[in-house]
Amino acid sequence: MESTDRSTKNLHDEFDPEDYLKAFYPFDPKVPLQEDSLKKMLIKLHGIFSSGRVKGNLLLDIGCGPTIYQHLSSCEAFTEIIVSDYCTSNLRYFERTLNNEPGIKDWTPFFKYVCELEGNSGKLDEKRKKLRSVIKEGLKCDITKHNPFDPVVVPQADCVISFECLSCASKDVESFRQSVKNISSLLKIGGYLLLEESLGLTKYLCCGTWIPVLNLSDQLIREIVTDSGFLIEEDELFSLDNDEFERERCNYNAVLFLLARKDRDI
């Protein structure tokens, strides 16, 4: 693929969800999920949301992208989910996925596996209906703003998740720090943040463009989260099983997952 390093100013107009999914989620929808980092994440999310500890009325997803797997367990613990993304193309694709439209990525192996984890094997239709009933809205989001949904104002949430978003949206350490503070303002005291960030990643290839990413250490991410009013309750590093094709498009070496509870306003 021909690639260029160019400004990401108009990325929200050019980002192709299908190209992204082909590169980073190349699973066969007719084959059961293999043992890899994504399967580990499904197990992790199931454990968190089925425990009864992380639950409530409203969950916000900051930077949902075109993927839906992150809500297969959360939809059982919350009455309302609002997804958001900087790229309007991702929001459109997410909606098409939610409605199971023809031509979109088939996440059936993920649905099947989560249903098995929940002891509801074969109840895929019920899971799809549950997901559609809980996800209420998709909003344009810029996490660098104090109100990421400006001009829309949403009530403080019981939980915020952000997977692989903040390091992509941040130009330097201080902007990453401010983004975490912005997330904190979206949460009630006692609410939870689920944060996932790739480590060692400086750029990834998508839509013919090398997209820059802020490379932060796991120690610095923990420090910033703690300084932003959170107590870290779970902290895990996932090693990666990315294949050669994926390695040619990105240079990360591990994933940091944090579960943190908002302890105070800052």
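User: Why are helices α2 and α4 called roughly perpendicular to each other?

Analyst: The axes of α2 (residues 17–24) and α4 (residues 88–98) cross at roughly 70° and come within 9 Å. Axes are lines fitted to C-alpha atoms, for helices over the stretch in contact, and angles run from 0 to 180 degrees between N-to-C directions. Angles under 35 degrees are roughly parallel, over 145 roughly antiparallel, 65 to 115 roughly perpendicular, and the rest oblique. α2 and α4 are therefore roughly perpendicular. This is a predicted model: local features need pLDDT of at least 70, side-chain atom pairs need pLDDT 80 or more, and totals for chains, interfaces and linings use all residues. Residues are numbered from 1 along each chain as its sequence is written, and side-chain values use heavy atoms, without hydrogens and water.

User: What makes the contact of α2 with α4, by residue and by class?

Analyst: P17, E18 and L21 in α2 meet S89, N90, Y93 and R96 in α4. Contact means heavy atoms within 4.5 Å. By class, three residues are nonpolar, two polar and two charged. Nonpolar covers Ala, Val, Leu, Ile, Met, Phe, Trp, Tyr, Cys and Pro; charged covers Asp, Glu, Lys and Arg; the others, Gly among them, are polar.

User: How do you know that α5 and α6 are roughly perpendicular to each other?

Analyst: Helix α5 (residues 108–117) packs on helix α6 (residues 124–134) at about 100°, with the axes 10 Å apart. That angle puts the two helices in the roughly perpendicular class. T108, F111, K112, V114 and C115 of α5 meet L124, K127, R128 and L131 of α6. Five of the contact residues are nonpolar, one is polar and three are charged.

User: What makes β3 and β8 the edge strands?

Analyst: The open sheet has seven strands in the order β3-β2-β1-β4-β5-β9-β8, with mixed pairing. β3 (135–140) and β8 (230–239) each pair on one side only. Two strands pair if DSSP finds at least two bridges between them. Strands (E, at least two residues) and helices (H or I, at least four) are DSSP runs, numbered from the N terminus.

User: How do you know that β5 and β9 pair?

Analyst: Eight bridges join β5 (residues 187–199) to β9 (residues 254–262), and the strands run antiparallel.

User: Why is the pair of Y20 and Y204 called edge-to-face?

Analyst: Their rings are 6.5 Å centre to centre, with 70° between the planes. Rings of Phe, Tyr and Trp (its six-membered ring) pair if their centres lie within 6.5 Å; planes under 30 degrees apart are stacked, over 60 edge-to-face, and the rest tilted. Y20 is in helix α2 and Y204 in strand β6 (residues 203–206), 184 residues apart.

User: What makes the pair of Y20 and Y25 tilted?

Analyst: The planes are 50° apart, and the centres are 6.0 Å apart. Both residues belong to a ring cluster that also includes F15, W107 and Y204.

User: Why do Y20 and Y25 count as buried?

Analyst: Y20 has 17% relative accessibility, and Y25 has 10%. Buried means under 20% relative accessible area, exposed over 50%, and partly exposed in between (1.4 Å probe, protein chains only). Both values therefore fall in the buried class.

User: Why does N100 count as partly exposed?

Analyst: N100 has a relative accessibility of 39%, so N100 is partly exposed. N100 lies in the loop between α4 and α5. Its phi is near 55°, positive although N100 is not a glycine.
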